[in-house]
Structures are given as structure tokens and as C-alpha cells.
Amino acid sequence: MSAGLVSAKRVQSTLSMLTTTSTSYPILASLDTARRQLAIHGYDLIDHAIRLAQDARKRINKIAHLHCVGKEILNSSATYDMDPTKLLISVKNLGITGHQAEEWLRENANIEIELSDLYNILCLVTIGDSRKELNLLVNALQRMSEAFESDAAIVEPVVLLPDIRALR
């Protein structure tokens, strides 16, 4: 490292500002800016995110072997409401687990999803998303469906539980 190219004091000052246990003014400023944006434009921003999610849900449901749940789940006594910005996508009929779908999307489409389980993946639509991001997701899901179509079958889980009687 060549001496004199960067001020050591400036580096120390910047590092201290970012690593101190004291109040972080950049974080406070960003929170205040975010609060202002939501106070002024919040309704329009969330409305746009909900519309994007609804459109994506419809498009995902046209992809073979995938199902993205919607308001139809509200017709049971087990549900009260749903977050319309969350895309819960069942991959059960594609013959893969949600974990495998998460890995495929990461490796083949550079998409990180929020959560996966045995049968599902969860994707979030935020106020920072645009039609471009949702197009990338839907196109990646289409490619994933095509990649696993020959294996499409319902995945039956193997769940091993301890014999509770043996624990007494």
C-alpha cells in the first residue's frame, strides 16, 4: 500500500462513523427519508406493489405444474386474511421440493427468494419492485417448470418421527 494516497484520518473517521455503538446518523437519515416517502406516497406505492403481485399471481398460475395461492384460500375456517404482496408458490406438482426450487432459482436465474419449505417457495413484492423484476421472476419460473416438466409428479414427503412411546 502506498503511503499518502488516502488520508489515514479520513479512513478512521469514516470507519468510526459506520462501526460505532453510538447513534448512526446515516441510518437515522435514511429512516427519516423512508418515513417521509411513505407519509407522502405510501398509498400509491403499496397500491402499485399489490397490483404487480396480482398480475404476477395470474401469470404464475398459467405456468404448468405451479400454483400461486390467492384469495381462494380465504374460503376456509383456517384462514382469516392474506398479504397480497406475498407470492406463495406451490411447486409440489412439479416433482421438486421448495428447497430445490429455491436452489434452482438461485443458480439459474440469480433470484433469491424469501423462504422455502417442502412444497412451496415464498416471494415478496415490495415498493421497490417494478414490472421488470416481476417479469424476471415469472420468466424464471417458466424456465424452471420446463426444466423439471419431465419429472413432474407430486412429491410425497418422507417424514421420520421418533416413537413417542419409546421415550417413556
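**Exposed loops and a helix face**

Colleague: Is Asn110 exposed or buried?
Modeller: In this predicted model, Asn110 counts as exposed because its relative accessibility is 70%, above the 50% cut-off.

Colleague: Where does Asn110 lie?
Modeller: Asn110 is in the loop that joins α3 (98-109) to β3 (115-116). Its phi is near 55°, a positive value in a residue other than glycine.

Colleague: Which other residue has a positive phi although it is not a glycine?
Modeller: His65 does, with a phi of about 75°. His65 belongs to the loop between α2 and β1 (67-68). At 29% relative accessibility, His65 counts as partly exposed.

Colleague: Turning to α4, how many residues has it, and what is its reach?
Modeller: Helix α4 (residues 131-148) has 18 residues and reaches 26 Å from its first C-alpha to its last, close to the 26 Å expected.

Colleague: Which residues of α4 are buried?
Modeller: The buried residues are Leu134, Leu137, Val138, Ala140, Leu141, Met144, Ser145 and Phe148. Viewed down the axis of α4, they fall within an arc of 160°, so they line one face of the helix.

Colleague: What do the buried residues of α4 pack against?
Modeller: They pack against α2, β2 (86-90), α3 and β4 (120-124).

Colleague: Which residues make the nonpolar surface patch?
Modeller: Tyr25, Ile27, Leu28 and Leu31 make a patch of about 450 Å². Leu31 lies in helix α2 (residues 25-60) and counts as exposed, at 52% relative accessibility.

Note on methods
Residues numbered from 1 in each chain as written. Predicted model: local features only at pLDDT ≥ 70, side-chain atom pairs only at ≥ 80, totals over all residues. Heavy atoms only, no water. Patch = residues over 30% accessible without salt bridge, like charges linked within 9 Å, V, L, I, M, F, W, Y side chains within 5 Å. Areas by Shrake-Rupley, 256 points an atom, 1.4 Å probe, with all protein chains shown as cover. Salt bridge = Lys/Arg side-chain N within 4 Å of Asp/Glu carboxyl O. Helix = DSSP H or I, 4+ residues; strand = E, 2+ residues; numbered from the N terminus. Buried < 20%, exposed > 50% of the residue type's maximum accessible area, 1.4 Å probe, protein only. Expected span 1.5 Å × (residues − 1). Arc of directions from axis to C-beta. Contact = heavy atoms within 4.5 Å.
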